[in-house]
Amino acid sequence: MAVLGIESSAHTFGVGVIENGKVLANFKSMYKISDKGLVPSKVADFHSRNGKRAIEAALKKSGIDISDIKGIGYTKGPGIGSCLRTGQLAAKSISLAYSIPIFPVNHALAHVEITKHICGAKNPIALYVSGGNSQILALAENPYKHYYVLGETFDIGVGNMIDVFARAAKLKPAWGSTVARIAESGKYIQMPYTVKGMDFTFTGLLTHAVKQIGSRKIEDISFSIQETAFAMLCEATERALLLTRKKELILCGGVAQSVRLRSMLGGMCSSHNAKLHFAPDEFNADNGAMIAFVAEKMMQSGMRFSIEDADTDQHYRIDKVRVGW
Ligand code: FE2
């Protein structure tokens, strides 16, 4: 009962194969980001050119023939419209050609669910942090089972914030890891810090940090922007943990690869006898296995979608998704 999953919400065209929760393949084809950032039409062209090869590579690695695939999942959103549509088109083509059910998957839900599965977390809250998103999530049972948003960014995602700062400072991609490396030799300088309950904003911090470029050491600005942003996430997440009285936190999404963020959240969790979980980096970065994983869950729980309903939605929110398992 193997299921194929396609992820194409941004610069990665990822293809995964899952069978009863076991990852059989997780292949990625990644658009190389230039100093100019991510140009949506160019990334979509890249995905269109490389998608077929990526699907073939994942199937070869899994040892499963495409005629034995029982379901196909793709990222419905959130993400970049033109990129999402390349994965959607590939999934629709496979669904129609092999007469298998299609599953539109929420990208954030996929990050949370694969991390929960791999780490064996039972009843966690989740901090989902990536380029475009920063949310604190927990499962609710009413009026139907779904993830509700305890807190989130009111403007931009923490990953994008660091990327924009790094581009303004003319640092090289990959910007997040470059800032993290430079920050290791930096000292703290005062930065704006904006948390309201369990929500937060990053543009004030970004604007202030960019204004310091040229007048302060880049190491100090890098250290301070990263330290301030992660402290904001820690404060809001700590509040969510105490409010829900849960004892597990999962960290997921691209920024979950940050060693410094893991360390700060780990310290916070241990002071409340809570456990921090995070998956290996291949599942924090965008990947097809997480899409296949949720597609398989949807299939096993009896959810079905017509080919006409297999759409994309750039702003598809996790709290709109019914968790049917
Ligand atoms: Fe992601």
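This is a predicted model: local features need pLDDT of at least 70, side-chain atom pairs count only at pLDDT 80 or more; totals for chains, interfaces and linings use all residues.

## Reading salt bridges, domains and cysteines

Q: Where do the two partners sit in the chain?

A: Aspartate 281 is in helix α9, and arginine 262 is in helix α8 (residues 259-270). They are 19 residues apart in sequence, so the pair ties those parts together.

Q: Is aspartate 281 buried or partly exposed? And arginine 262?

A: Aspartate 281 is partly exposed, with a relative accessible area of 34%. Arginine 262 counts as buried, at 16% relative accessibility. The cut-off for buried is under 20%.

Q: How many salt bridges does the structure hold?

A: The structure holds seven. Take another of them. Lysine 76 and aspartate 311 meet through their side chains at 3.1 Å, N to O.

Q: What does that pair tie together?

A: Lysine 76 lies in strand β4 (residues 71-77). Aspartate 311 lies in the segment after α10 (288-300). Lysine 76 is buried, at a relative accessible area of 15%. Aspartate 311 is partly exposed, at 31%.

Q: How is the protein divided into domains?

A: Into two parts. Domain 1 covers 3-110 + 283-320, and domain 2 covers 123-281. Their centres, taken over C-alpha atoms, are separated by 26 Å.

Q: How many residues does each domain bring to the contact?

A: Domain 1 brings 16 residues, and domain 2 brings 24 residues.

Q: What is the area buried between the domains?

A: First the general idea. The size of an interface is often given as the accessible area lost when the parts come together. Here the area buried between domain 1 and domain 2 is about 1400 Å². Carbon and sulfur atoms give 53% of that.

Q: Which residues of domain 1 lose the most area to domain 2?

A: They are Asp35, Asn284 and Ile318. Together they account for 41% of what that side buries.

Q: How many salt bridges and polar contacts cross this interface?

A: The rule finds one salt bridge across the interface. It also finds seven residue pairs in polar contact there.

Q: Which helices supply the side of domain 1 that touches domain 2?

A: α3 (107-119) and α9 (281-284) each supply at least two residues. The largest share, three residues, comes from α3.

Q: What do glutamate 152 and arginine 317 form?

A: Their side chains meet in a salt bridge at 3.0 Å, N to O. Glutamate 152 is in strand β8 (residues 146-152), and arginine 317 is in the segment after α10. This pair links distant parts of the chain, 165 residues apart.

Q: How many disulfides does the structure hold?

A: A disulfide is a covalent bond between the sulfur atoms of two cysteines. This structure holds zero. For cysteine 234, the nearest cysteine sulfur is that of cysteine 269, 8.3 Å away. For cysteine 252, the nearest is that of cysteine 119, 9.4 Å away. The cut-off is within 2.5 Å.

Q: Are cysteine 234 and cysteine 252 buried or exposed?

A: Cysteine 234 is buried, with a relative accessible area of 8%. Cysteine 252 is buried too, with a relative accessible area of 0%.

Q: Where does histidine 47 lie, and what does it touch?

A: Histidine 47 lies in helix α1 (residues 40-62). At 1% relative accessibility, histidine 47 counts as buried. Leaving out residues up to four places away in sequence, histidine 47 touches Ser8, Ala10, His11, Thr12, Phe13, Cys83 and Thr86.

Definitions and conventions
Residues are numbered from 1 along each chain as its sequence is written. Side-chain values use heavy atoms; hydrogens and water are left out. Buried means under 20% relative accessible area, exposed over 50%, partly exposed in between (1.4 Å probe, protein chains only). Domain bounds come from an automatic or database domain assignment. Contact means heavy atoms within 4.5 Å. Buried area is the accessible area (1.4 Å probe) that two parts lose on being put together, summed over both. A salt bridge is a side-chain nitrogen of Lys or Arg within 4 Å of a carboxyl oxygen of Asp or Glu. A polar contact is a pair of N or O atoms within 3.5 Å; within protein, one must be able to donate a hydrogen and the other to accept it, and residues adjacent in sequence count only if both atoms are side-chain atoms. Helices (H or I, at least four residues) and strands (E, at least two) are DSSP runs, numbered from the N terminus.
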